[in-house]
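Here are my notes on this one, point by point. Have the model open while you read.

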Amino acid sequence: MLNFTKFERVNPNKRDVLQRLKDFNEVYEVFGQNKAKEQSDRCMQCGDPYCHSKCPLHNFIPAWLKQTAEKNLELAFALSNETSPFPEILGKICPHDVLCEGDCSLNTGHGAVSIGAIETHINETGFEQGLKPKFAPISLNKKVAIIGSGPAGISAATFLLRKGIAVEMFERDDKAGGLLTYGIPGFKLDKKVVERRINWLLEAGMRLHVNCEIGKDKSISDLEKEFDAVFLGIGATLGRKARVSGEDAPNVHLAIDFLKRIQKRNFGQKVEDFIDVKDKNVVVIGGGDTAMDCVRTSVREKAKTVKCLYRRDEANMPGSKKEVVNAKEEGVEYIFNVSPKSIKVENGKAVAIELQETTLSEPDESGRQRVEIVEGSEYFEEADVIIMALGFSPEVPAFLKEMNIDTNSWGGIVIDDNFKTSNDKYYAGGDCRRGAHLAVTAAADGREAAKEIIKALS
């Protein structure tokens with residue numbers, strides 16, 4: 001260990017940009033054993049590891065880095081899976097630069113340890129060698145229903161099954177995985193990776209019901225009768241608009257609608273209202289990871305031009321920095337410090353977006369600089385397709401009222417310190433209680449809620 005002066009930080013190799021634009025296959029390659037050992041050997045083994053503290057799951061990062069450096073794959077695999085429900089997925093999609101790697105002690109000059117890439121290596125290599133996550137036999141005479149099959153739901157199911165508690169998962173869509181399946185493009189996360197985790201849960205005894213909407217296909221009364229506890233991991237799937245005139249035009253779309261329809265097409269499904277951007281000028285509004293997913297999907301769909309509009313500067317973009325770099329490599333143009341004022345509509349379709357230039361002033365209570373409009377700076381940017389990637393809000397389904405579950409002013413499910421809702425039988429976690437956030441924070445919620453359910457049922 002401590003070889004950070006001998007080895008520089010390296011990232012996994014990326015597929016050539018001209019090749020990766022031809023398909024939706026993953027961009028990054030997985031580290032080989034020697035590279036993973038070398039990069040793990042850079043870890044300082046801090047007495048108070050900031051990477052561990054910054055990780056929402058508080059993964060045993062220094063421990064599995066040490067075992068990787070010593071080529072003890074089996075122990076590294078066990079440590080990686082001990083705290084995380086799907087480390088191979090989070091190794092690919094987490095914004096490591098602002099979480100574990102962002103707080104690495106080597107970030108001051110030597111370059112952070114490549115934590116995410118090593119996490120992916122440990123698990124993908126382990127799977128190739130026959131290692132699998134372990135579950136206890138179903139032994140307790142208790143059953144838990146999980147509503148929603150996204151990161152929070154998968155995580156809760158994983159930790160409940162590890163304790164031998166029977167689980168049934170209900171998903172209103174046709175495939176399990178939530179945003180992992182339909183919200184994140186394949187070039188960041190191969191859908192077979194998600195399916196593999198779901199299959200392991202099924203092998204462990206979980207029952208999965210897809211195309212099953214609670215309150216419609218499954219009644220609340222049946223849930224009450226059949227299950228000892230219910231976990232709500234329904235996410236935040238309601239896309240936000242800019243609230244400007246003209247945004248209801250038929251060629252103005254929400255990000256989730258665009259991404260989901262593309263993925264359904266990629267699954268080989270027939271898609272109604274497919275959003276075709278081929279040979280069109282595409283404008284995406286937003287600066288987070290969802291916006292990056294939309295612009296990078298658009299270039300793969302052979303759009304004529306793809307522009308990303310963001311109201312702050314590049315340094316203040318909330319998304320992962322590597323995604324911005326990848327998008328630039330793939331031909332995306334960025335326009336910073338602009339805010340939409342209106343959408344110009346002609347003959348029933350949007351033809352341009354009216355923008356106002358912005359400046360940044362003193363930070364607000366959140367610590368981010370305030371956005372101020374520059375008077376008289378309006379101009380138009382032509383567009384054939386406009387995609388709003390401005391975040392998500394909880395949907396607040398009707399069944400929550402029937403469950404007697406309280407929500408707050410913006411629709412989030414209210415929980416106590418034990419992840420319990422206002423109805424003692426129901427627990428909740430993930431985006432439906434905190435608002436749109438990260439897969440890793442949803443996974444942490446699912447794990448902690450499972451622990452509380454286990455306590456209650458024991």
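1. In what order do the five strands of the open sheet run, and is their pairing parallel or antiparallel? The order is S3-S2-S1-S4-S16, and the pairing is parallel. Helices (H or I, at least four residues) and strands (E, at least two) are DSSP runs numbered from the N terminus, and two strands pair if DSSP finds at least two bridges between them. Strand S3 (207-209) and strand S16 (426-428) each have a single partner strand, so one side of each has no neighbour in the sheet. On average, neighbouring strands are turned by 20 degrees against each other, direction ignored.

2. A word on provenance before going further. This is a predicted model: local features need pLDDT of at least 70 and side-chain atom pairs count only at pLDDT 80 or more, while totals for chains, interfaces and linings use all residues. Residues are numbered from 1 along each chain as its sequence is written, and side-chain values use heavy atoms, with hydrogens and water left out.

3. Take a look at S2 (residues 166-170). Three bridges join S2 to S3 in parallel, with Met169 partnered by Leu208 in S3. S1 and S2 also pair in the parallel sense, over five bridges, and there Val144 stands opposite Val167 of S2. In a regular strand the side chains alternate between the two faces of the sheet. Ala166, Glu168 and Phe170 point one way from S2, Val167 and Met169 point the other way, and all are buried (buried is under 20% relative accessible area, exposed over 50%, partly exposed in between, with a 1.4 Å probe and protein chains only).

4. Now the helices on the sheet. H8 (residues 151-162) lies across S1 (143-147), S2 and S4 (229-232), at about 165 degrees to S2. H17 (residues 439-457) lies across S1, S4 and S16, at about 170 degrees to S4. Axes here are lines fitted to C-alpha atoms, for helices over the stretch in contact, and angles run from 0 to 180 degrees between N-to-C directions; contact means heavy atoms within 4.5 Å.

5. How do H8 and H17 meet? Their axes come within 7 Å and cross at roughly 35 degrees. Residues of H8 including Ala152, Ser155 and Phe159 meet a set in H17 that includes Ala443, Gly446 and Arg447. As for H17 itself, 15 of its 19 residues are buried. From first C-alpha to last, H17 reaches 27 Å, close to the 27 Å expected at 1.5 Å a residue (the expected span is 1.5 Å times one less than the number of residues).

6. Which cysteines did I check for disulfides? With a disulfide taken as a pair of cysteine sulfur atoms within 2.5 Å, the count is zero. For Cys43, the nearest cysteine sulfur belongs to Cys46, 6.3 Å away, and Cys43 is buried at 7% relative accessible area. The sulfur of Cys432 is 17 Å from the closest cysteine sulfur, in Cys212, which is too far for a bond. Cys432 is buried too, at 1%.

7. Two backbone spots to look at. His58, not a glycine, has a positive phi of about 50 degrees; His58 sits in the loop between H3 (50-54) and H4 (61-69) and is partly exposed at 37% relative accessibility. Asp273, also not a glycine, has a positive phi of about 60 degrees. Asp273 lies in the loop between H12 (255-266) and S7 (281-285) and counts as exposed at 59%.
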